[in-house]
Amino acid sequence: MYFDELKLGMTAETAPAEIEKEKMLAFAREYDNIPLHTDEEYAKGTPFGRVIAPGVMSFMAVWAKYLEVDFFGEELLAGKSTRIEWLRPVFAGDVLTGRAVITDLVRRNERNGLAEVTIEVFNQNGDLVLTNVTEAVVKCRPV
């Protein structure tokens with residue numbers, strides 16, 4: 001979708017993303033290899049009581065589902081920034097869904113604009129587990 005077609009408040013819901021234990025542990029071992037994510041005995045002694053999913057992995061599981069309903073499609077030129085805030089732990093077996101909303105639009109020039117998408121991610125209990133704000137550079141409709 002071209003920048004000119006985007007509207008503040010546009011919303012898209014993502015399909016569910018299940019956090020599978022083996023994928024979670026494999027991701028953690030490769031990208032976030034700390035005991036809280038990989039060592040079940042260690043995790044039992046933490047306030048969480050068990051291993052938790054790496055935050056980036058939790059976000060990426062939902063981001064992959066967001067891309068299936070992506071606002072921008074082929075009109076996306078580039079990502080500019082992303083900010084993730086982790087609010088609650090995510091565990092193996094959790095099912096995450098996201099609600100993406102266009103929260104800001106700034107036309108930069110005749111060729112493109114900056115679109116901000118805020119994604120709220122919820123677990124199967126309806127608990128907000130993380131938020132993400134991503135800025136993307138999106139093409140304007142050719143004149």
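**Close-up views of the predicted model**

**View 1. Lys 44 and Glu 41 are both exposed.** Here, exposed stands for a relative accessible area over 50%, buried for under 20%, and partly exposed for values in between (1.4 Å probe, protein chains only). The two residues sit three residues apart in helix H3 (residues 40–44), about one turn of the helix. Helices (H or I, at least four residues) and strands (E, at least two) are DSSP runs, numbered from the N terminus. Lys 44 makes a salt bridge with Glu 41, with 2.9 Å between the closest N and O atoms; the term requires a side-chain nitrogen of Lys or Arg within 4 Å of a carboxyl oxygen of Asp or Glu. By this rule the count is seven salt bridges. This is a predicted model, in which local features need pLDDT of at least 70 and side-chain atom pairs count only at pLDDT 80 or more, while totals for chains, interfaces and linings use all residues. Residues are numbered from 1 along each chain as its sequence is written, and side-chain values use heavy atoms, leaving out hydrogens and water.

**View 2. A salt bridge joins Arg 141 and Glu 5.** Their side chains meet at 2.4 Å, N to O. This pair links distant parts of the chain, 136 residues apart: Arg 141 belongs to the segment after strand E6 (128–139), and Glu 5 to the segment before strand E1 (11–13). Arg 141 is partly exposed at 42% relative accessible area, and Glu 5 is also partly exposed, at 34%.

**View 3. Lys 23 forms a salt bridge with Glu 20.** The closest N and O atoms of this pair are 3.8 Å apart. Lys 23 is exposed, with 54% relative accessibility, whereas Glu 20 is partly exposed at 39%.

**View 4. Strand E6 pairs with E3 and with E5.** Strands count as paired if DSSP finds at least two bridges between them. E6 runs antiparallel to strand E3 (residues 76–86), with nine bridges joining them; Gly 79 has Ala 136 of E6 as its bridge partner. E5 and E6 make a hairpin with five residues between them, and Gly 126 in the turn has a positive phi of about 85°. E6 is largely enclosed by the rest of the structure, because nine of its twelve residues are buried.

**View 5. Glu 116 is buried yet has no salt bridge.** Look for this residue in strand E5. The nearest side chain of opposite charge is Arg 83, 6.1 Å away, where Lys and Arg count as positive and Asp and Glu as negative, with His and the chain ends not counted. The side chain of Glu 116 does make a polar contact with the side chain of Thr 103, at 2.6 Å. Such a contact is a pair of N or O atoms within 3.5 Å; within protein, one must be able to donate a hydrogen and the other to accept it, and residues adjacent in sequence count only if both atoms are side-chain atoms.

**View 6. Phe 91 lies in the loop between E3 and strand E4 (95–107).** Phe 91 is buried, with 11% relative accessibility. Its C-alpha atom is 38 Å from that of Lys 139, a residue 48 positions away along the chain.
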